[in-house]
4 protein chains.
Amino acid sequence: MSDPQVGFVTQASSSRAEEVGEIGVGMLGYAFMGKAHSNAYRTLEYMTWPPPLRPVLVAIAGRNEAAVGEAARRYGFASHFTDWRELVADDRVALFDNAGPNNLHAEPTIAAARNGKHVLCEKPLGRTGAESHDIWQSAAGAGVKHMCAFNYRFVPAVRLVREMLEAGELGDIYHFRGRYLQEWGNIDADLWRFDASAAGSGALGDLGAHVIDLARFLVGEISDVSALTATFRPGRTVDDGFEAAVSFECGAIGTIEATRFAPGRKNALSFEINGSRGSVAFDLERLNELQVSRGTDGFATRLVTEAHDPFLEWWWPHGHIIGWEHTFVHEIYHLLRAIATGGAVRPYGADFEDGYRAAEVCDAILRSSESGRREAVTYR
Amino acid sequence: MSDPQVGFVTQASSSRAEEVGEIGVGMLGYAFMGKAHSNAYRTLEYMTWPPPLRPVLVAIAGRNEAAVGEAARRYGFASHFTDWRELVADDRVALFDNAGPNNLHAEPTIAAARNGKHVLCEKPLGRTGAESHDIWQSAAGAGVKHMCAFNYRFVPAVRLVREMLEAGELGDIYHFRGRYLQEWGNIDADLWRFDASAAGSGALGDLGAHVIDLARFLVGEISDVSALTATFRPGRTVDDGFEAAVSFECGAIGTIEATRFAPGRKNALSFEINGSRGSVAFDLERLNELQVSRGTDGFATRLVTEAHDPFLEWWWPHGHIIGWEHTFVHEIYHLLRAIATGGAVRPYGADFEDGYRAAEVCDAILRSSESGRREAVTYR
Amino acid sequence: MSDPQVGFVTQASSSRAEEVGEIGVGMLGYAFMGKAHSNAYRTLEYMTWPPPLRPVLVAIAGRNEAAVGEAARRYGFASHFTDWRELVADDRVALFDNAGPNNLHAEPTIAAARNGKHVLCEKPLGRTGAESHDIWQSAAGAGVKHMCAFNYRFVPAVRLVREMLEAGELGDIYHFRGRYLQEWGNIDADLWRFDASAAGSGALGDLGAHVIDLARFLVGEISDVSALTATFRPGRTVDDGFEAAVSFECGAIGTIEATRFAPGRKNALSFEINGSRGSVAFDLERLNELQVSRGTDGFATRLVTEAHDPFLEWWWPHGHIIGWEHTFVHEIYHLLRAIATGGAVRPYGADFEDGYRAAEVCDAILRSSESGRREAVTYR
Amino acid sequence: MSDPQVGFVTQASSSRAEEVGEIGVGMLGYAFMGKAHSNAYRTLEYMTWPPPLRPVLVAIAGRNEAAVGEAARRYGFASHFTDWRELVADDRVALFDNAGPNNLHAEPTIAAARNGKHVLCEKPLGRTGAESHDIWQSAAGAGVKHMCAFNYRFVPAVRLVREMLEAGELGDIYHFRGRYLQEWGNIDADLWRFDASAAGSGALGDLGAHVIDLARFLVGEISDVSALTATFRPGRTVDDGFEAAVSFECGAIGTIEATRFAPGRKNALSFEINGSRGSVAFDLERLNELQVSRGTDGFATRLVTEAHDPFLEWWWPHGHIIGWEHTFVHEIYHLLRAIATGGAVRPYGADFEDGYRAAEVCDAILRSSESGRREAVTYR
C-alpha cells in the first residue's frame, strides 16, 4: 500500500475494538444507491475489523412516508423523515450521505456541509461543472470531509492497477480506452434520467462520469476532448450515448465512450491501458479479474483475490470472489478512516474536487459535441 | 421457481415485516466458515426482506477464550463459550450451526438435535458414510430441521441449471464432468486436513464432496464408481487428489475429480453437462456466469444477474455481480423459511440425507481405489 | 449468399473442371504480402474446385536479383525480373498483382491498368486521397477489373456479419467501435514504415485503413471524424497511433483507433457493432469466432466453421479452424470469378473506389488532428 | 528445438533448393483425410523452403472411378487406380500414404511396406491392438520409415508443451485431463463409424485415440485404466462415449474421455496438465493458443505465433494464426525429412509403435469397461 496514512490497518497493529468510536449517519434516499450504502455501513462494522468508526444509523429521509418508514425498518435506521431538511438539521448526524437523485445533490449536500456534517454524495456530483463547483466549494469552505461516491476506485483490480502504475510497472502510458456500455436505453418509458433538467445529461453523466473518473484516477488529467453525442430516441433531452477522443496531460491519447444502446452489455465498464512496459485490461462484468500483459506474453487472467491484493484481507481465501456491492464497503471504510484519523480522502478516494473535475470533463464533451471543435478541459 | 413451498416470497405478497418472528442461533466455530455463516445471518435480515425469521445471535463457541470472545464482539453474538456443550444446552438457541472442523461434526450436532434444536452442519457431514448416517438418523429421529451446508446449490447459476433440467431444457442427459481444482496442496505444513483421523479424507471429502453433491443435485443418483486416489506428498494419510469414472442411474456417464495440486487453479469448481437438447458449463471462479449451448450455436456466456434469475430479486440490477458469500445468505434463508413454515429443506437445499449420500459416494471411491474394481454405491 | 452473381458456385452446379480457363499472373514483391498472395494462387487452384480460372504464375518482379530469383523458384513463377516495367509489359500477364511497398503502388499499378491488365493492389491503395484517386481513375478508365486487397472482408466471420446486417438481423445500427492494436512499434529501428514520404502515414494507413474499410463495408459511409494522432518516438514523421470519434451517414456513431504501442496485442483487429436487435463482436486473433448477442442473452461464442458459413464449403468439417492466409484465397477467388464472369468486385470485395474512399477518411483524420475540428469526409 | 536431428533447418543454413531430391507419393483415399494430406504435399513444397524432398504426386486410389479420377485432377495426381494393389505395386511410388477407412489400414499398408515403400497411415493404426501390432511389425521388419498420422503432435502449442515438459518447466507432473468432445453423434444415420466390424470402436478409436496419443506424447506411458463406455443410441455396435480414470508410469493420475454427444462442442480436443511448477491448458477449437500458468498468477493466454515458436518460422508474423490443416504440413515435412536424412520419426512424430501402443490402451479401456476392473495396459 503506497500511502500509509490512508492504507489499511492490519489486525495485529490495530487499536483495540473496544476503543472504536461511533459516528451518526443520516441518509437521503432509499432506492438502489440507498440500499447499497446501507448495506455497506452494516457490513463494514464487522468485516473491516475493527472498523475505524462504528456507524450508527440515525435517520433516513425520503418523500414517500410509507416507503421511507419501511426502509428505516429494513436497514435499521432509528428514525425517518419525509423532509431532508430535518435530516440535515439533526444533531445526531455527523455524516450526511446523499444517495438521492441528481437534482437533489446540490442543495441538501451544501446545507449539510454548512451545518458541519461530513458529506458523502453520489455521482455525478452536480448536473454541471458550475453546480459541482458550488458543492465542492461549500464543503471545502466548511472544513468537513467530503467524498464523491466513485465507487469503482474501490474495486480491488482497479486499485491494483493504480498501485502498478504508481510503481511504474507499466512504464510510460500511451493509451487509455474506456467504455461503459449498457443495453436498457431502447425503451418507451419516460424516466427522469431522460430529462436534462433532472439528470443534467444522459449516458454521459450516468455512465461516462465513471469512466472519466477512472481515467483521471489512473492516467491523470485530461487536457482536451473531441467528442460526439447522439440521442437515438426522439423526445429525450439527454444523450443516449457519446464518443470522445481524448488527450491526457501526460502525453497519452485515448477514447472515452458510453451508451445505453448496446444489446448484450449489461454493465460493461471496461478499460485498457497500454504503457511502454505492459498493458492491463479490466471489465466490470468480471470485476474479480484483471488482464495483465508484461511485454510479449499475451494477457494473463489474474484473479484479484489473493490475501495481499487490495481490500482482500477483509474477505475470503483466494479464489472466493467478491460482489459488486463490496466496493461501497471499501469506499465508506476509507471515508470513515479519514474522518477518524483526520487523514485524506484523496488520492485513493474521490473527493468533491474529483467530482467537480469529472463534471468539467463532461461539460467539455458537451461543448465539443456542439461546437465541432476540440475543446480544452478548463477549471474555474 | 418450480417449488412454491420453498420458493421465494415476493415483496408484494409477503407478510408484514413487523410480524416476523425471531430465532436464536448458536454457532460452533469462528474461523473461515464461522465468518461466512455469521455474515449470512447479519445480511439476510435486511437483504431478504422481510426475512422468514429474524436471527438473534445468541452465542458462539470455540476452544480459545480470547479468540472466541473477539469473534463474539465482531459478529455480534451476545455471549461465548469455550465448551460446545454449554452452547448445545443453551435454551435460547433454537438453531445450532456447526461450522467447526470435520472431527467436531458428529458429537455436537447429534447432541444439539437430541436437545430439539434445528441443525445446520458444514460439509462433509461426517468423516465416513457410517458417521454421516449416525448424524442423519439422530436428526431425523429428533424431528428437527437439518441442513448440510452444500452452499453451491445456492449459486444462482447452479440453481438455474437445476430449473433448466427440471423443465427438460437439456433433454436426456448423457454426460456430467465435474472437477474441483485448487493449487495450495504442495506445501510443507502439517495441517489437520492432511490427517485421516481428523479429516476423514483429503481432496475427496473437502472438494470432491461438493462435486458429488452437485452431480446428485443436477443429474441424480450415482450408481457406481471406478476410481483412483493419489497422495503426492509423503507422510500424509489422506488423498491429495482423485479421479473417478462414474455411472448415473439415469444412464449418463461422466467423471468426478478433485485435487489440491493444480497450479493456477484457485477455486476451480467446474462442471459440464451434455444432454440431447443442449449443454451447460459452469466455473465457480466466474460464479455469476453460465455457459449455455442450445443445439449448434456454440456456448453463450449468460450473466446470471437478471431480476428473474434465482435469488437475484434480493440483490442488484442486472450486470451487478454478487460474491461467493452470498450463497450462504441464500442457503440460510432457505433453512429459516423451512423452519418458519414447516416446509422442506429438500430438494433445493441439501439435508443430512444428502450429506450422508455424498459420504457413501466418497466411501465407494475409496473402496474402488483400494480394490481396483468398479464399486456400486450402496446405502445402509 | 445474398448476391448470386458474385456468390459461390456449388460443386454440383459448377461448370466442368476441364473447361476452366487460365490466367497469367505477374506479381510485384516477394516479401510478406508476396508470400501470402502466392500461397493463395497455388491453393485456390484445388481448394475452390473447380476454380473460376486457373492461375499461371508467369513472372515475379523485385529489385534484388538473387532474392527475386529464389522467390520465383520457391513459389513457382516461370520467370523473374528486377524491373517492374518488364512485368507490366509482359504479354503473358493478364492480372498484375501489386504486393510491393506503399510508394510502389501508384506508378506500376497505373501502368499495368493502362496496358489492359486486371489489377490487384495491396492496401493502402495510395499514400493519400489524391494518389489513391489517380490509381482508381486510371484503372476505371482502362476498363479492367481492379481490387484493393482489404482481405479482412474475406474472413468468414466478417462476411457473416455483413450478411446478418443485410438481412436486418441487428436492426438499426447505433454504434461501431473498431480498433487495430499491435505492439511492435516501440523499437529503435529506422524503417520505411516510420517515414511519411515512403509510407504516407503510420498506424493510420497501415492498420487504421483496415478498420475504416470494415466500418464502411459493414455500417456504411463515414460522414465526419474528430481525431487525434500521436507520435511517441521522436524522429518519426508518421503517427504511432490515432484516435477518432466518428459519425456514420446512417446515424450511428463510434470510434476508430489504431496503434503500434499496445503491449500484449499481437494483431488485435477487433470491432463491436450494436444495433436495435442485437450486437456482434469480433477479434482477428480469434478469427474463426464471432461473438453474437441477440437481445438479453449475453454473447454467444459462435465458431464460424459450419458448412453453410461463408467460404467454409471449401475447407473442412465444422470445428476445424482455418488460418489467416485463407482470407487471401477467398479474396483472389472472388477477383478471378469477377474476371471470368464479367461480374462485380463490389460490394463483397473492395475495389479501387473503396481503396480511394478509405484514403479520404484517413486524410480527414489527419486534417482533424491538425485543425482541431470535426472534419467532414469529402470526395473529389 | 531440442532434437537437432529432427529439428528444423534454418533457411540460412539449408542446403540449396536446387539440390532437393524428389519422392513419389501414392495415396489411398480421397475423402476428408485424402484432401488434408494432398493439401499438405502441395503446400510444404514452397512453405517449408527448401523442402527436405519434393513430393511428386504419382497416383491416387479409390473404388469409385469417377470420383477418384476427379480427385486426381483436383489435387494433381498423375494417375489414378480403382484397386489399391496397383498403387502398392507401382514402382514410381516411394511413399505410400494410407488415408482410407479403418478397415483398409492393415492389408494395403502391410503390402506397401513389404514392397519396400515408406508408409504413412491414418489413425487409428489398426482396429485392435493385435491388428495394429501386425502392421507395426510388418513395417519394422521391412526396414521402411513408418508414421501414424497423429497430427495433433504437430500443433505448435502441443509441440511447445512437449518442449516445456522436456525442459522441466512444469516440474513433476501430477495430473493429465484430456477430452475430445464432439456433438454430431445423436443422429439417425447408419454410418460405418457406428459398426464395430468396420470401425473397431466408436468415439474411443476415432477421438479417444488422439487423446491417448497426446497423453503418451506429453506425460508418458499409461500403466492402467478404470473405464466405462456407453452406447446411447440403440442398434450401434460401438461406443458413443467413454470415461476413463488413468494412472501414468510417472506417478501422475488423470482422466481420458471422448464423446460424440456433447452439443455445442464442435471439435473440442482439450487437455490440462498440472505439475509442481505450473500448468498448461489447450483447446483445439483455439489451436493457436496455449493457456500457461506459472505458480500463482492465473493462466496467461499465449498466442503461439511467435517466430521462435515451433513451426512458425515457416508461416507469418506473430498474431497471424494458422489453420487446422497446417498440422499435416508439419507432420509430413517431418516424415520427409526423416526419409531424406535417415533420421528418426520418433519421438516428435508418432510411428507405428505409437499407433500400436495407443491401440493397446484402447483395448484396455474396452476390457475394463467389460470386466469392471482396473486393467493394466500390456504390450505383446
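**Exercise 1. Determine how many residue pairs are in polar contact across the interface of chain A and chain B, and which elements of chain A supply that side.**

Step 1. Across the interface of chain A and chain B there are 28 residue pairs in polar contact, both residues being at pLDDT 80 or more; a polar contact is a pair of N or O atoms within 3.5 Å, where within protein one must be able to donate a hydrogen and the other to accept it, and residues adjacent in sequence count only if both atoms are side-chain atoms.

Step 2. On the side of chain A that touches chain B, helix H1 (32–47), helix H2 (65–75) and strand S14 (299–303) each supply at least two residues, and H1(A) gives the most, with nine residues. Helices (H or I, at least four residues) and strands (E, at least two) are DSSP runs, numbered from the N terminus.

Step 3. By residue class, this side of chain A divides into 16 nonpolar, 11 polar and 14 charged residues, with Ala, Val, Leu, Ile, Met, Phe, Trp, Tyr, Cys and Pro counted as nonpolar, Asp, Glu, Lys and Arg as charged, and the others, Gly among them, as polar.

The model is predicted: local features need pLDDT of at least 70 and side-chain atom pairs count only at pLDDT 80 or more, while totals for chains, interfaces and linings use all residues. Residues are numbered from 1 along each chain as its sequence is written, chains are lettered from A and ligands numbered from 1 in the order in which they are written, and side-chain values use heavy atoms, with hydrogens and water left out.

**Exercise 2. Find how much area is buried between chain A and chain B, and how many salt bridges are counted there.**

Step 1. The contact (heavy atoms within 4.5 Å) takes 41 residues from chain A and 41 residues from chain B.

Step 2. About 3900 Å² is buried between the two chains, and carbon and sulfur atoms give 55% of this area; buried area is the accessible area (1.4 Å probe) that two parts lose on being put together, summed over both. In chain A, Tyr46(A), Arg74(A) and Trp316(A) lose the most area to chain B, together 19% of what that side buries.

Step 3. The count between chain A and chain B is six salt bridges, each a side-chain nitrogen of Lys or Arg within 4 Å of a carboxyl oxygen of Asp or Glu. Arg42(A) forms a salt bridge with Glu45(B), with the closest N and O atoms 3.4 Å apart.
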